[in-house]
Amino acid sequence: MKTPVPDYLLEIRDACSDGGEGRLADYIPELAAVDPDRFAVAACMIDGVVYTAGDADAEFTIQSMSKPFVYALALRDRGIEAVLEKVEVEPSGDAFNQISLNRGTGRPRNPMINIGAIATHTLVGPPGASEDERNTVIADGLSAFAGRRLEVDGAVCESELRTAFRNRAMANLVRAGGIIDGDPDEALRGYTRQCAYRVTVRDLAVMAVTLATGGVNPVTRERVVSAPVVRQVLAVMTTCGMYDAAGDWMSTVGIPAKSGVSGGILGALPGQVGLGVFSPRLDEHGHSVEGVRAFERLSRELELHLMNTTVTEVEAVRSVRFDEISGRRTFRLQGPMTFASAEQVLRRLAEIPEGPEEVTLDLSRVSSVNASARRMLLEAMRRLADDGHTVGLADPSRRLPEPDLGDGTRPVTRRAAR
């Protein structure tokens, strides 16, 4: 059977394309010359499979969609606290090119607006990194997110630098306020360069899904940034990524996202999918008109809104089997282990009658175990051992580390029961 996903994406593309609304980013000469009728949609699943529809091979510059990824690199290289000392994370409610600073501290409101992104750019790499060193770190980082080597569009970069009067003023302003060190022109050049990398809609989807999977690119299997960094980036994308339309976007689409004036939008839905669209005509906020329309329809029809309250009815404990001959009680668990599902398991374990017996946790049908569930299950195993039970663990995928049961012993490990 041929999967219908590409056909569905093509249906979305065709339904959202009318070619009549919006205008090109004509304040940047190179962007004013692009084909306004191009329109592409892509989705990358968490196992790295990519589906596309439309002009999926068309290249365009990443522009402001580089901001969350460069922010991630700065967090990786300097740490969250050091970055927060320079750039805040409060929604500004302003357009992307507004001079939005905290009156008390002089810090940019967030790293998604231009003045915050310029400051964030200077925090990539080790302290004291040269302009070339910083550019290399960003080139390597963006390429790692995309899963292929990305290149700068020199013509677009030069075109933007010739007309970057407002951004140049912002770079000087944060330099004067002590937010950035060094030459503000160097910061401007580097920021403009990071916005000029060429990407496709497929690249956007892969970059987005790398955030959706917690920092691991599912195409290359490379960990690009840590899970705590991704959590911070996704939180800021959710509240600030769509500028002065962030509230409307969150209520109607509900996917952490970032747009660029080249006409691209990327969205990362944690644990599910990375999405990318490209259509150059922009609305008054600087977002792709047809791209916004496509995201709204995808969110509505596929129920992708982050705030959907679907509650799983799958029991965390699939079955409990007691073997009277061996005296072994086996708890067969299933599905993802989270705080809520692990709590179900602990409740069932608390029902084990007093008296020593062998208790085995069978995790062969468990798909994942998050940090809170891991802590809860390990503590349950320790307490079972303290109560005199012999603890067994059937964990063929090694979802849990073997716990120390309190007296230096380890649980009995065995193959999952069939």
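**Cysteines, cores and pockets**

Mentor: The count of disulfides comes to zero, and please keep in mind throughout that this is a predicted model.

Trainee: How far is C157 from the nearest cysteine sulfur?

Mentor: The nearest cysteine sulfur to C157 belongs to C195 and is 9.0 Å away, whereas a disulfide would need the pair of sulfur atoms within 2.5 Å, so C157 is in no disulfide.

Trainee: And is C157 buried or exposed?

Mentor: C157 is buried, because its relative accessible area is 9% and the cut-off for buried is under 20%. C16 counts as buried as well, with a relative accessibility of 3%.

Trainee: Okay, packing next. Which residues touch the most other members in the largest nonpolar core?

Mentor: Those are L142, F145, L211 and V233, in a core that holds 76 residues. Helix α9, which covers residues 201-212, brings the largest share of this core, with nine residues. Apart from that core lies another one, made up of 24 residues, including A53, A257, V277 and A294.

Trainee: What does L142 touch, if I skip residues up to four places away in sequence?

Mentor: With those left out, L142 touches F69, V70, L150, Q194, Y197 and M207.

Trainee: Let me switch to pockets. What volume does the largest pocket have?

Mentor: The volume of the largest pocket is about 740 Å³, and 20 residues line this pocket, with I46, A212, P270, G271 and Q272 lying nearest its centre. By class, that lining consists of nine nonpolar, eight polar and three charged residues.

Trainee: And what about the second largest pocket? How much space lies in it?

Mentor: The second largest pocket has about 340 Å³ of space, and of the 17 residues lining it, Y27, I28, F96, N114 and N167 are the closest to its centre. Its lining divides into eight nonpolar, seven polar and two charged residues.

Trainee: New topic, backbone angles. Which residue has a positive phi of about 50° although it is not a glycine?

Mentor: That is Q63, which sits in the loop between β3 (60-61) and α2 (67-78) and counts as buried at 3% relative accessibility. E303, also not a glycine, has a positive phi of about 55°, and its place is the loop between α12 (289-302) and β8 (317-323). E303 is exposed, because its relative accessible area is 56% and exposed begins over 50%.

Trainee: Where does L349 lie, and what is it in contact with beyond its neighbours within four places in sequence?

Mentor: L349 lies in helix α13, residues 339-349, and beyond those neighbours it is in contact with F331, V359, L361, A380 and L384. L349 is buried, with a relative accessible area of 7%. Between the C-alpha atoms of L349 and D153, which are 196 residues apart along the chain, the separation is 60 Å.

Trainee: Last one, T330: which strand is it in?

Mentor: T330 is in strand β9, residues 328-337, and is buried, with a relative accessible area of 6%. Not counting residues up to four places away in sequence, T330 touches S319, V320, R321, T360 and D362.

Methods:
Residues are numbered from 1 along each chain as its sequence is written. This is a predicted model: local features need pLDDT of at least 70, side-chain atom pairs count only at pLDDT 80 or more; totals for chains, interfaces and linings use all residues. Side-chain values use heavy atoms; hydrogens and water are left out. Helices (H or I, at least four residues) and strands (E, at least two) are DSSP runs, numbered from the N terminus. Buried means under 20% relative accessible area, exposed over 50%, partly exposed in between (1.4 Å probe, protein chains only). Contact means heavy atoms within 4.5 Å. A nonpolar core is a set of buried Ala, Val, Leu, Ile, Met, Phe, Trp, Tyr and Cys residues joined through side-chain atoms within 4.5 Å. On a 1 Å grid over the protein atoms alone, a cavity is a set of points where a 1.4 Å probe fits but cannot get out, and a pocket is an open set with protein on both sides within 12 Å along at least five of seven lines; lining residues have an atom within 4 Å of a point. Grid points are joined across faces, edges and corners, and a volume is the space filled by probe spheres set on the points. Ala, Val, Leu, Ile, Met, Phe, Trp, Tyr, Cys and Pro count as nonpolar, Asp, Glu, Lys and Arg as charged, and the others, Gly among them, as polar.
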